[in-house]
Amino acid sequence: MNPQRKPIIAGNWKMYKSAADALALVNALKKEVAGIENVEVVVCPPYTALYAVSTILQDSEIKLGAQNVHWEKEGAFTGEIAPAMLKELFVRYAIVGHSERRQFFGETDAGVNKRAKAALANGLRPIVCVGEMLQQRDAGMTQAVVIEQLEGSLAGFSKDDILESVIAYEPVWAIGTGRNATPQQAQEVHAFIREMLGRTFDPATAAKVRIQYGGSVKAANAADLLSQPDVDGALVGGASLDAKGFGDIVKSARGNI
Ligand code: PGA
């Protein structure tokens with residue numbers, strides 16, 4: 001991590017937790033992270049729990065995120081949620097382009113780009129996810145895949161847009177598998193992404209953009225991953241469902257500042 005970037009630890013709860021369970025988890029998490037400064041903490045519950053969770057985060061530093069967002073203001077888009085609907089619930093971040101959306105729901109870079117831009121236009125910060133599959137890594141295509149996803153997902157972004165965004169590098173082979181990238185593997189791709197952002201925008205802008213690592217992050221490996229110079233936080237799935245475990249990840253970010 002680097003002092004010019006505030007670390008961001010986000011919990012992606014995926015399709016877990018009823019509204020009642022979500023309340024219990026966030027109440028416990030509030031205690032775990034009370035008094036921790038200089039780390040941005042975000043939770044992304046399922047849509048059905050956003051309202052309940054937003055009511056108990058009003059007096060908290062923990063920020064609320066959604067797991068996706070649609071690009072239209074409203075309309076006949078069954079199953080989708082508009083940016084303003086999230087804003088109404090005090091949502092500040094929206095994950096876009098998660099590999100599970102890409103893999104299981106056919107989301108494309110062009111769609112991710114529309115979602116990210118709509119988020120930005122409505123004052124939500126997108127967490128733009130990219131990452132290669134195992135066959136692609138084995139074939140030496142990691143950088144090519146990441147470039148293609150970033151070029152597509154960030155098309156038309158201004159400098160202000162990228163500064164409001166967070167990039168999440170999540171190698172697909174590390175998600176939910178218990179097999180995280182090594183700190184060196186993560187750093188290598190993060191540095192590559194920053195270099196690419198430097199070419200697309202400019203190096204000073206790229207130096208301010210936060211790049212999270214995601215994929216089997218847990219309390220036991222977080223400190224090592226977060227100690228890398230270009231790893232500015234974590235997007236945490238499974239381990240974010242437990243207040244103590246997630247709280248410990250947040251604490252390891254603080255320890256690395
Ligand atoms: P995981 O998920 O931490 O369970 O591997 C990460 C993610 O999908 O964002």
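Gln136 sits in helix α6 (residues 134-138), helices here being DSSP runs of H or I with at least four residues, numbered from the N terminus. This is a predicted model, in which local features need pLDDT of at least 70 and side-chain atom pairs count only at pLDDT 80 or more, while totals for chains, interfaces and linings use all residues. Residues are numbered from 1 along each chain as its sequence is written, and side-chain values use heavy atoms, with hydrogens and water left out.

Back to Gln136: its side chain reaches the backbone nitrogen of Met133 at 2.7 Å. That pair is a polar contact, meaning N or O atoms within 3.5 Å; within protein, one atom must be able to donate a hydrogen and the other to accept it, and residues adjacent in sequence count only if both atoms are side-chain atoms. Setting aside neighbours within four places in sequence, Gln136 touches Met141, Thr142 and Val145, where contact means heavy atoms within 4.5 Å.

Thr142 turns up again in helix packing. With Gln143, Val146, Ile147, Leu150 and Glu151 it forms the α7 side of a contact with Val189, Phe192, Ile193 and Met196 of α9. Sorted by class, this contact has seven nonpolar, two polar and one charged residues; Ala, Val, Leu, Ile, Met, Phe, Trp, Tyr, Cys and Pro count as nonpolar, Asp, Glu, Lys and Arg as charged, and the others, Gly among them, as polar. The axes of α7 and α9 (residues 183-200) are 11 Å apart, at an angle of about 45°. That makes the pair oblique, the label left over once angles under 35 degrees are called roughly parallel, over 145 roughly antiparallel and 65 to 115 roughly perpendicular. Axes are lines fitted to C-alpha atoms, for helices over the stretch in contact, and angles run from 0 to 180 degrees between N-to-C directions.

Asp109, Val112, Asn113 and Ala116 of α5 make the contact with Glu148, Gln149, Gly152 and Ser153 of α7. The residues involved split into two nonpolar, four polar and two charged.

Elsewhere, the axes of α1 (residues 19-33) and α2 (residues 47-57) come within 9 Å and cross at roughly 35°, again in a right-handed sense. Nine nonpolar, two polar and one charged residues make up this contact.

As for the ligand, 13 residues lie around it, and Lys14, His98, Glu170, Gly176 and Ser216 come nearest; a residue is near if one of its heavy atoms lies within 4 Å. Gly238 instead uses a backbone N or O atom, 2.8 Å from a ligand oxygen.

Methods:
Helices (H or I, at least four residues) and strands (E, at least two) are DSSP runs, numbered from the N terminus. A crossing is left-handed if the near helix is turned anticlockwise from the far one by less than a right angle, and right-handed if clockwise.
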